[in-house]
Amino acid sequence: MTKAFRFGVVAPLMSDVAAWREKVRRVADCGYSTLLVPDFPMTQPAPAAMLATVAAITDLRVGSWVYATPFRAAWQTAWEAHSLTRLTEGRFEMGIGTGRPGIEEEVRGYGMPEAPSPGKRLDDIRETVRRLREYDGTEVHTPVAMAVYGPKARALAAEIADTVTFVLGPQSRGEVEKLARDFRAQTDLTGRDVELALAVPVIGDTVAAHMAGPGTDPAEWRAADAVTVLPEDPAAAIDEIQRRREEIGFSYFVIGADWAERFAPVVAELAGR
C-alpha cells in the first residue's frame, strides 16, 4: 500500500550550540516529522546527547542517520537506542548501517581494533536489532531504519528493518527503480511492509553536509537523472517527490538542514498525504 509522505532533516552541529538549537526549533516549526543527526565521532557531540536535546526542546521525532556499526559493540548501540526511546517517550528511530567508505581508516585513527569485515558488520546489525528488541520488550518498539547497499544488506533489511534507505549517489532513475522492485520482491517473501526512504543530499547546486562525499558534482548527478537530486523550486520539487512515490515507492524524504526552511512549502503541501 502507498504510504503517506513524511519528511526528515539531517542537522549536524556545525555552528555554535545556540545557533544549532535555534535551527532545530525552526525545523520543528516547518512541519517536518524527524530531526536526524549523523554519526561522525569527534566532529560534533555524540548522537545520543544531540538527539536527547532535540527531543527536550521540540516535539519532533529524532533519529540517528545512521549509526556506523564499527564504532560500537552491538549491545552498546542497542542499549543507547533503547535508552533514547525511553527518554523521548517513543520518538526515537534507530538508523544503522555498516559504515561509509573509508571507515576502516577512521577506525584506525581512533585507536580502535581493525574494522570488521562487511559480512561481520551485517552480523553486528542483526545482533544489534535482536538485542534492541530484547531491551524493548513487549511494550515498546523502536523503529529501525537501515542504510543498505549490496544484496546481502537488502536481504537483511527485508527481515528486520521498518524503514530502508538505499545508499545512492548518481545512479540513474532506472537503476533505482530496479533496486526498489527487487527489494519489494524480498519484502513480499518476508511478509513485511517496509517504508522506503530517500536521502536527497543535492538540491539545486547545494550539497548537504554529511550527506554526500566531498567530490559530489551536482551537475553530473543531474545529467545522470539521479533521484538523489531535487530542483530548487518548491513547486517542481513537489511534482518530483510525488513522481518518485508513484514510480518507485519512496514516501519518506530526507534533506539537509540548510534547505529545511526553503522547502517548508513542500512539507506543508505533502506531509501526511
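Q: Is methionine 42 buried or exposed?
A: Methionine 42 counts as exposed, because its relative accessibility is 73% and the cut-off for exposed is over 50%. Keep in mind that this is a predicted model.

Q: Where is methionine 42 found?
A: In the loop between β2 (34–37) and α2 (47–57).

Q: What is the phi of methionine 42?
A: Phi is near 70°. That is a positive value, and methionine 42 is not a glycine.

Q: How does aspartate 225 count for accessibility?
A: Aspartate 225 counts as partly exposed, because its relative accessibility is 36%.

Q: Switching to the backbone. Which peptide bond from tryptophan 65 to valine 66 do we have, cis or trans?
A: Cis. Omega is near -10°.

Q: Where does valine 66 lie?
A: In the loop between β3 (61–64) and β4 (67–68).

Q: Now strand β5. How many of its six residues are buried?
A: Six of the six, residues 92–97, so β5 is largely enclosed by the rest of the structure.

Q: Which residues are on each side of β5?
A: Phe92, Met94 and Ile96 are on one side. Glu93, Gly95 and Gly97 are on the other. Both faces are covered.

Q: How do β3 and β5 pair, parallel or antiparallel?
A: Parallel, over two bridges. Valine 62 has phenylalanine 92 in β5 as its bridge partner.

Q: And β4 with β5, parallel or antiparallel?
A: β4 and β5 pair in the parallel sense, with two bridges. Tyrosine 67 stands opposite isoleucine 96 of β5.

Q: What unit do β4, helix α3 and β5 make?
A: A right-handed β-α-β unit. Helix α3 covers residues 74–87.

Q: What about β6? How many bridges join β5 to β6?
A: Three, and the two strands run parallel. β6 covers residues 144–148.

Q: Which residue in β6 does isoleucine 96 stand opposite?
A: Methionine 146. Isoleucine 96 also stands opposite tyrosine 67.

Terms used:
Residues are numbered from 1 along each chain as its sequence is written. This is a predicted model: local features need pLDDT of at least 70, side-chain atom pairs count only at pLDDT 80 or more; totals for chains, interfaces and linings use all residues. Side-chain values use heavy atoms; hydrogens and water are left out. Helices (H or I, at least four residues) and strands (E, at least two) are DSSP runs, numbered from the N terminus. Buried means under 20% relative accessible area, exposed over 50%, partly exposed in between (1.4 Å probe, protein chains only). Two strands pair if DSSP finds at least two bridges between them. A crossover is right-handed if, with the strands pointing away from the viewer, the path from the first strand over the helix to the second runs clockwise.
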